[in-house]
Amino acid sequence: MSNEWKRAFKRELFNHFARIGKALASGARIELLDFLSQAERTVEELAELTEMPVANVSQHLQVLRRAQLVEVRREGLYAFYRLADESVFRVWQAVRTVGESRLAEIERVVKLYLKERETLEPVTVKELSRRMAEGSVVVIDVRPVTEYRAGHIPGALSVPVSELKRRWRELPRGQ
């Protein structure tokens, strides 16, 4: 095997890996992956969630599709997008973890928007289950109904954040 052949092989191989990096090199596309990690969605749903025009969302999804990070399922006039597989979710998690540990700007932005984060009490799954069983807490899932249906904590109430002010009286008091 000649050195020239090895170089050509490596160059081609790494250029294919770079396709994934290029697809991830957009905050808009990473946001789309985040939404798709929660549930399968239509282009129109994604446009509404990201407040981007449908045409822009569609273009971003095509980039992700060419990199084989997302798949599409057609139903009538609608195209439903989902992550290609679990490894795509793990890539997004890895990008997020590295970003949180290496980029001070991420911590600054999170602190700016989540000012009350320090007052939150972390609990284990076991502890949360115990509290729910004894009735001392109620878990409220404030995500959109689509995400709730895709998966939620058993026993959690679905009250999307957009409905929270209107429906707060439905929530159990003192829990």
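Which residue does the side chain of Arg82 meet in a salt bridge? It's Glu71, with N and O 3.3 Å apart. A salt bridge here is a side-chain nitrogen of Lys or Arg within 4 Å of a carboxyl oxygen of Asp or Glu. Arg82 sits in strand S3 (residues 78-83) and Glu71 in strand S2 (residues 70-75), so the pair ties together parts that are eleven residues apart in sequence. Strands are DSSP runs (E, at least two residues), helices are too (H or I, at least four), and both are numbered from the N terminus.

A word on the model: it is predicted, so local features need pLDDT of at least 70 and side-chain atom pairs count only at pLDDT 80 or more, while totals for chains, interfaces and linings use all residues. Residues are numbered from 1 along each chain as its sequence is written, and side-chain values use heavy atoms, with hydrogens and water left out.

Back to the charges. Glu71 and Arg82 also belong to a network of salt bridges that takes in Glu40, Arg73 and Glu75. Both ends of the opening pair are partly exposed, Arg82 at 28% relative accessibility and Glu71 at 34%. That label covers what falls between buried (under 20% relative accessible area) and exposed (over 50%), using a 1.4 Å probe and protein chains only. In total, the structure holds 14 salt bridges. Another one joins Asp141 and Arg143 (2.7 Å, N to O); here Asp141 is buried at 9%, whereas Arg143 is partly exposed at 26%.

Arg131 pairs up with Glu121, their closest N and O atoms being 2.8 Å apart. Glu121 is exposed, at 54%. Arg131 and Glu121 turn up again in the lining of the second largest pocket, alongside residues including Leu120, Leu128 and Val138. That lining has six nonpolar, no polar and two charged residues.

So what counts as a pocket? On a 1 Å grid over the protein atoms alone, a pocket is an open set of points where a 1.4 Å probe fits, with protein on both sides within 12 Å along at least five of seven lines, and lining residues have an atom within 4 Å of a point. The largest pocket is lined by 16 residues, with Trp92, Arg96, Glu100, Ile106 and Val110 nearest its centre. Helices H2 (27-38), H5 (86-102) and H6 (104-113) each supply at least two of the lining residues.

Note on methods
Nonpolar A, V, L, I, M, F, W, Y, C, P; charged D, E, K, R; others polar.
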